[in-house]
Amino acid sequence: MEKLKMENRYINRLFVLLPLFMLMGCDDFLSKEPDSTRATLETPEQVSQLLTTAYPQGGYVSFSEAMSDNAADKGVGQDDRVNRGSYLFEVVDAPVNIEDSPDMYWAKAYKAIASANLALQVIAEANDPSIFSAQKGEALVARAYAHFMLVSFFSKFYNPTTAATDLGIPYVTEPEDVVIKQYERKTVAYVYEMIEKDLLEGLPLIKDVSYTVPKYHFNVAAANAFASRFYLVKRDYAKTLSYANAVFPAGDLAGNLRPWNTEYLPLTYDALYKRYTRASEPANLLLVETSSVYGRYVAQYRYGLTNAKWSEINQVSALSSNSANWAYPVYTQGDGNLLIPKLSEYFVKQSVNAEIGDPYVMVPLFTAEEVLFNRAEANLYLGNTTATLSDINLFMSKRIRNYDVTTQAVTAAKIRTYYGLSNSTANNNLGLLYAIADLRRIEFVQEGMRWFDMLRYGIGVVHTTREGSTITINSDDPKRVLQLPQSVVQSGIQLNPR
């Protein structure tokens with residue numbers, strides 16, 4: 001990934017929001033001497049380099065996957081406090097220097113926001129701001145994305161009837177020049193207004209030609225994918241559809257889906273790992289490197305995907321036919337430790353001859369598959385059920401082994417039968433929504449995406465332990481909202497209720 005030595009006093013000032021003094025071992029440039037980079041940020045290329053740090057480089061997959069209904073208690077396995085605390089819906093006792101912790105994600109997200117804000121300040125103070133148009137677009141959209149992820153995890157999930165009173169997160173729009181600043185938690189509605197403002201201003205400015213590797217930045221396709229996700233959450237389905245269709249202007253969504261039942265099928269375990277998160281993979285729209293051990297332990301975590309859970313998740317293949325089989329390859333690392341090769345670890349040594357270093361995982365933040373599901377759901381709510389069913393079948397055609405459209409196409413009748421619904425317009429629509437949710441679940445298993453759908457759909461979760469206890473988290477349970485890091489208490493920011 002592209003690197004940049006930044007002047008510590010500008011990137012590390014948000015001490016209240018992100019206690020970066022605890023992150024010194026996690027980021028190369030934070031351990032280096034200041035080099036007056038701020039004074040040399042004079043060209044679009046230099047600002048673009050700064051913006052490589054405007055993306056949250058903390059992992060969210062571990063804790064979001066463990067909170068979801070994709071996880072079960074194996075009784076044995078890697079005893080990781082983030083994995084354990086997330087599954088049990090306890091406040092995770094892991095500070096910001098622990099990979100994959102909610103506190104680290106909070107810190108990394110606000111660090112990304114600090115980079116975006118510094119870039120925007122440099123642009124505003126430039127002699128000719130117009131030459132930084134593309135960089136301004138990237139900074140605005142990146143700032144919007146980081147705040148969107150923070151408010152999704154650390155506030156009640158967006159609900160149009162309560163957003164005006166639900167506590168949001170601090171929306172930071174300028175670099176800080178004080179060590180301690182009082183930050184206000186306004187409402188979720190306010191945060192969404194600010195996200196939308198940044199997104200709508202920034203998206204038209206983005207130019208792919210300004211990037212060396214577009215997939216590592218908010219390129220045009222990724223920015224439109226983000227907009228489709230944002231408006232799906234806001235329940236503005238016309239805009240969701242519009243932005244989803246803008247991701248691939250030529251209309252070739254089918255050609256950009258992952259070819260699980262063709263090209264992926266003969267790949268070895270290692271080859272699949274290498275391809276899944278490549279920038280050259282058409283399905284990947286935006287990739288970010290995260291400080292994470294998830295790739296190392298995904299199959300071995302005590303609380304994770306089990307044989308029983310996989311059987312529950314994959315039975316949705318019956319929407320196609322009772323004999324249909326998924327093309328996803330499921331591997332084991334010991335009894336009951338399942339994984340699909342997706343997110344692998346790469347280890348960066350501190351020096352060429354060093355034995356120590358830092359683990360990273362490349363994570364696809366936006367993919368063609370999400371765009372397809374966003375489009376399908378938007379069409380459903382807009383009454384375009386034929387288009388919704390067409391997208392479901394497009395998905396199946398890339399996922400079912402030896403797919404035969406004449407016998408395995410999904411129909412409204414098959415959906416009703418699978419979900420036990422009677423024949424009515426309302427039930428047909430409900431069945432389509434169930435199908436989208438279940439297909440999203442299997443597609444993104446072990447990628448942390450299921451938790452967002454559970455929040456959005458209001459799906460409760462029941463986690464049981466081998467010791468016999470049951471944790472029931474209903475749609476209105478305050479434990480669904482991650483607690484703010486204890487390190488922000490000194491600033492007076494109101495914590496989430498428990």
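Predicted model: local features only at pLDDT ≥ 70, side-chain atom pairs only at ≥ 80, totals over all residues.
Biologist: What is the volume of the largest pocket?
Modeller: A pocket here is an open set of points on a 1 Å grid over the protein atoms alone, where a 1.4 Å probe fits, with protein on both sides within 12 Å along at least five of seven lines. Volume is the space filled by probe spheres set on the points, joined across faces, edges and corners. For the largest pocket that gives about 370 Å³.

Biologist: Which helix gives the most to the lining of the largest pocket?
Modeller: Lining residues have an atom within 4 Å of a point, and 19 of them line this pocket, with Lys156, Phe157, Asn159, Leu455 and Ser475 nearest its centre. Helices are DSSP runs (H or I, at least four residues), numbered from the N terminus. With three residues in the lining, the top giver is helix H18 (residues 450-457).

Biologist: Is arginine 235 buried, partly exposed or exposed?
Modeller: Arginine 235 sits in the loop between helix H8 (220-234) and helix H9 (237-247), and its phi is positive, near 70°. Buried means under 20% relative accessible area, exposed over 50%, partly exposed in between (1.4 Å probe, protein chains only). Its relative accessibility is 41%, so arginine 235 counts as partly exposed.

Biologist: And what is phi of asparagine 402 near?
Modeller: Most residues other than glycine have a negative phi. Asparagine 402, in the loop between helix H14 (385-397) and helix H15 (405-408), is exposed at 73% relative accessibility. Its phi is positive, near 50°.

Key: Residues numbered from 1 in each chain as written. Heavy atoms only, no water. Helix = DSSP H or I, 4+ residues; strand = E, 2+ residues; numbered from the N terminus.
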